[in-house]
Amino acid sequence: MRLRIPFAMTTLAAGLLSAAHVNANSVDLTMYYPVSVGGALTDVVDNLVAEFESEHPDINVEAIYAGNYDDTRVRAMSAIEAGDTPQLSVLFSIDLYELIEQNAIVAFDDLVETDEEREWLNSFYPGLMENGQLDGKTYGIPFQRSTIVLFWNKDAFEAAGLDPETPPENWQEMADMATTVREASNGEQWGVMVPSTGYPYWMFQAFAFQNGHRLMSDDGTEVYFNDPAAIEALEYWVSLSTEHEAMPSGTIEWGTLRQNFLEQSTAMMWHTTGNLTAVRSDATFDFGVAMLPMSTQRGSPTGGGNFYIFEDTSEEEQRAAMTFIRWMTAPERAAAWSIETGYMGVSPAAYETDALQRYVEEFPPAAVARDQLEHGTAELSTYQGGRIRRALDNAVQAALTGQLSPEEALNQAQQEADSVLRRYAR
């Protein structure tokens, strides 16, 4: 088993791990998982796995870091095609339609047997379950889940004559504040950055939803990219650079934006709450975290990864995988994961633990993503999701780089999506 065992593990725990390896009746599980934010999350996962194995010497878990979400899906599906099916993985919550279409995953409803297990299945925030359920069954269990939040540099706001404790409430305020920061810094600091590589569709979905528009149907067979409200949302995003000159023109890198913020290249950024702990650890200035600004309403799509159990595995392996997933999502672990990473605690019970209650009291930004769930929507998810998201990503980037107008870009994306989804129409 490939695990980096923490130095601080006790001799007893190490002995239990050794016993697990030699237990002839033990169940071996392989799990692929992604990391898409900053911080040493592989160490956190390894430590959790080691703790689980010390408590469950009859179950061995090989946790394999596989890259970002797309890398992890490819790795898992390639293993399945090669006849080396992993028992479980953490994959995009929006991979649901593709996984079901390929008959790759099992429904947790078919695995739970006891009232306690059924209670666990119903214990998560409903907003985090939307992308994991289809036709009344649950296929994905929330794990590293997020919403997009606004990070702002309070020192930069104060230097620009803005109230450092007051983030923008709406689109106009964000544009105005961003322009003020840019001008006050004599062009040395950008007002706002919104990433447009990695997951441009996710950011665009937030803008569209804030403008009162939902991008897809509930059954994953239709998208509505070129609705007037969606076009207006993309026009606003583009205007932050072209009209307000408060955001860099062209594309902004997802992977380096956190560092841009930490280096104070920008006073505000939109990013996943999964970066919260890393920003708190590395920021040399006072910062705040807020819900995203509104147009006609507040809102952010949920995001992140769910646990899935794969079909081509034994009943014993599936039960062992569910035991591990239940352990990983128990309130105490969900709370610890949230504190270590910045991802959300996935259940109300996680926020009722002493640990997370103390943490939120000490560091209120830790509750922002949870509170924003009230204004959340399911992340863009359809059949042929990769192709649909790629069409929208290309449209967003074409508009931001000035190759096409927002209307032209979204019309093109709509045409591409319609041609792909036509065979799924009901």
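Colleague: How far apart are the end C-alpha atoms of helix 8, and what span should its 14 residues have?
Modeller: Helix 8 covers residues 171-184, and at 1.5 Å a residue these 14 residues should span 20 Å. The end C-alpha atoms of the helix agree with that expectation, because their separation in the predicted model is also 20 Å.

Colleague: Over the face of which residue does arginine 182 lie?
Modeller: At 3.5 Å from the ring centre, arginine 182 lies over the face of tryptophan 190.

Colleague: Is strand 7 largely enclosed or open, and which of its residues is the bridge partner of leucine 150?
Modeller: Five of the five residues of strand 7 are buried, so the strand is largely enclosed by the rest of the structure. Strand 6 (residues 141-153) runs antiparallel to strand 7, and five bridges join the two. Within strand 7, the residue that partners leucine 150 is tryptophan 270.

Colleague: In which sense do strand 1 and strand 2 pair, and what is the bridge partner of methionine 31?
Modeller: Strand 2 (residues 59-65) is mostly covered, since five of its seven residues are buried. Strand 1 (residues 27-33) pairs with strand 2 over seven bridges, and the sense is parallel. In strand 2, the bridge partner of methionine 31 is alanine 63.

Colleague: Is aspartate 28 buried or partly exposed, and with which side chain does it make a polar contact of 2.7 Å?
Modeller: Aspartate 28, which lies in strand 1, has a relative accessible area of 47% and is therefore partly exposed. Leaving aside neighbours within four places in sequence, aspartate 28 is in contact with Asn60, Gln87 and Glu317. The side chain that joins aspartate 28 in the polar contact of 2.7 Å is that of asparagine 60.

Colleague: Which backbone nitrogen does the side chain of glutamate 53 reach?
Modeller: Glutamate 53 is found in helix 2 (residues 41-55), and because its relative accessibility is 0%, it counts as buried. At 2.7 Å, the side chain of glutamate 53 reaches the backbone nitrogen of valine 61.

Colleague: Is arginine 73 buried or exposed, and with which side chain does it make a polar contact?
Modeller: Arginine 73 has its place in helix 3 (residues 69-81), and with a relative accessible area of 11% it is buried, because buried means under 20%. Apart from neighbours within four places in sequence, arginine 73 is in contact with Leu91, Asp95, Glu98 and Arg389. Its side chain also makes a polar contact, at 3.2 Å, with the side chain of aspartate 70.

Colleague: How many residues apart in sequence are the parts that tyrosine 383 and tyrosine 424 tie together?
Modeller: The count of aromatic pairs comes to 26, and tyrosine 383 and tyrosine 424 form a stacked one, with 4.7 Å centre to centre and 5° between the planes. Tyrosine 383 lies in the loop between strand 10 (376-377) and helix 18 (385-400), while tyrosine 424 lies in the segment after helix 19 (406-421), so the pair ties together parts whose separation in sequence is 41 residues.

Colleague: Which residue after helix 11 has a positive phi?
Modeller: Helix 11 (residues 254-262) has Trp254, Leu257, Arg258, Asn260, Phe261 and Leu262 as its buried residues. Their cover includes strand 6, helix 9, strand 7, helix 12 (276-282) and strand 8 (287-290). The residue that follows the helix with a positive phi, near 65°, is glutamine 264.

Definitions and conventions
Residues numbered from 1 in each chain as written. Predicted model: local features only at pLDDT ≥ 70, side-chain atom pairs only at ≥ 80, totals over all residues. Heavy atoms only, no water. Helix = DSSP H or I, 4+ residues; strand = E, 2+ residues; numbered from the N terminus. Expected span 1.5 Å × (residues − 1). Buried < 20%, exposed > 50% of the residue type's maximum accessible area, 1.4 Å probe, protein only. Pairing = 2+ DSSP bridges. Phe/Tyr/Trp six-rings, centres within 6.5 Å; stacked < 30°, edge-to-face > 60°. Lys NZ or Arg CZ within 6 Å of the ring centre and 35° of its normal. Polar contact = N/O pair within 3.5 Å; in protein donor to acceptor, adjacent residues only side chain to side chain. Contact = heavy atoms within 4.5 Å.
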